[in-house]
Amino acid sequence: MEMQSKVTTLENALSFINDGCVLMFGGFGGVGNPPTLIKGILQKGTKDLTLIGNDAGFPEIGIGKIVSAERVSKLITTHIGSNPIAGKLMVEGKMEVEFCPQGILAERIRAGGAGLGGVLSDIGMGSMIEVGKQKVEMGGKTYLIESALQADVAIVHAKKADYFGNLIYDKSARNTNPLVATAGRVTIVEAEEIVAPGMLDPESIITPGIYVDMIVESEGVNWKWAWE
Amino acid sequence: MGMGIEVRNRMASRAAKEIKAGMVVNLGIGIPSLVPNFLAPETEVLFHAENGVLGMGPSPSKGEEDAMLCNAGGFPVTVIPGASYFDSATAFAMIRGGYLDMTILGGLEVSEKGDLANWVIPGKRIPGIGGGMELAEKAKKVIVLMSHVNKHGEPKILQECTLPLTARRCVDLIITDMAVIEVSEKGLLLKEVMEPFTEKDVREMTGARLLVREGGKK
């Protein structure tokens, strides 16, 4: 069977990312954010984004650049401490921020991609996290209902992709990427290397290609790292 | 918090003594990240990073860093033989599932009941939660490493936390630049006083009652 190639141009991929859209991103502290797609979004001028992802990056690293450029109206995340501009925009009322415990954000994204309405969690009971959330009793314990998250577009970074979109990742750059890949109505992968189907060992594939809609080739990770 | 590297190293070295062979341990950013420097090299510990690494090794030497292999703070690490990589959902499933023996975290305030506040100073500093809530609530043992007082010289160990809580009744041991304090059923137990401080100094700088177990104090 001949598999249709999902490899496309950056320009075509960016045509799916438009003002006001809900954009979910893979990556943790900049590591595993897709740099070529982020650069493209910045250059295109896309704004009023609702961003969903682990953190706000660093001011000049990864997804942080989009936050710093004031393109985000709402951010659903776990942590903004590494990007002081995010804190400033939040305090000034220019960007709404919804905080979620890190593993629960991962589970909400997983649920979104797995056709579930949400997850039951006992994390953050008695803290600001429970404010406004529905509670349920289950097995004698009280849980918060944490709603599932989906996005118009999910952007992902992978080490290798085949044309069909089967993905493998690179060490700790995997982080939220396999989860995010499942939760976009359109999922765009930026891959360091693109190979023909059959070149990846099916046992080693982390993200099966059915989750992926488009693949663009990465211009490479030339980021300045937090520690440099 | 204005503590010199010597003081921070001493706190980290004290925390390292709590780590036993065979443990799975997660370290927070800041002073906790110094702890591995004080472990005996033969101590077999699996360091867990919530960005998806189990089996972190020492920091790489300069020039040997791998941009794709970092800890949760974004700093380059190495891995030991037997290490594994996984996604964030798995990383936190391990934490919530009770597979972590210990976490060593920073703190803004700790109450005498072991409540921890370490994620926000309303109106001032809003770093966010990160993985702190899950680690604090679900690790089997929670050690907080922090300065004994805040930058205004006010106690950070209090009867009740004033800042928004990260988790209730989660802290087992507090290690500061002045003392080592255990959170027990009966209250806070002063176990050790750090030089050059006296027990009186510690009491004056602590906003909660401190018990002393006979023979338990150095």
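**Exercise 1. Determine which elements cover the buried residues of α5(A).**

Solution. The cover includes β1 (22-25), β5, β7 and α6 (177-180) of chain A together with α2 and α3 of chain B. Contact here requires C-beta atoms, placed from the backbone, to lie within 7 Å. Helices (H or I, at least four residues) and strands (E, at least two) are DSSP runs, numbered from the N terminus.

The model is predicted: local features need pLDDT of at least 70, side-chain atom pairs count only at pLDDT 80 or more, and totals for chains, interfaces and linings use all residues. Residues are numbered from 1 along each chain as its sequence is written, while chains are lettered from A and ligands numbered from 1 in the order in which they are written.

**Exercise 2. Decide whether α5(A) is enclosed, and check its span.**

Step 1. A residue is buried if 20 or more other C-beta atoms, placed from the backbone, lie within 10 Å of its own, exposed if 12 or fewer, and partly exposed in between.

Step 2. Of the 12 residues of α5(A), 12 are buried, so the helix is largely enclosed by the rest of the structure. Among them are the charged-side-chain residues A:Glu107, A:Arg108 and A:Arg110.

Step 3. The expected span is 1.5 Å times one less than the number of residues.

Step 4. After the helix comes A:Gly115, with a positive phi near 70 degrees.

**Exercise 3. Describe the sheet on which α5(A) packs.**

Step 1. Strands pair if DSSP finds at least two bridges between them. The open sheet has three strands in the order β5-β7-β6 (chain A), with antiparallel pairing.

Step 2. β5 (118-121) and β6 (135-138) of chain A are the edge strands, each pairing on one side only. The twist averages 40 degrees from one strand to the next.

Step 3. Four bridges link β6(A) to β7 (residues 141-147) of chain A, and A:Val136 has A:Tyr143 as its bridge partner in β7(A).

Step 4. Helix α5 (residues 102-113) of chain A touches β5 and β7 of chain A, its direction making about 150 degrees with that of β5(A). Axes are lines fitted to C-alpha atoms, for helices over the stretch in contact, and angles run from 0 to 180 degrees between N-to-C directions.

**Exercise 4. Identify the helix of chain B that gives the most to the side touching chain A.**

Step 1. The contact takes 33 residues from chain B and 38 residues from chain A.

Step 2. On the chain B side, α2 (88-96) and α3 (132-138) each supply at least two residues. α2(B) gives the most, with five residues.

How values were computed. Contact = placed C-beta atoms within 7 Å.
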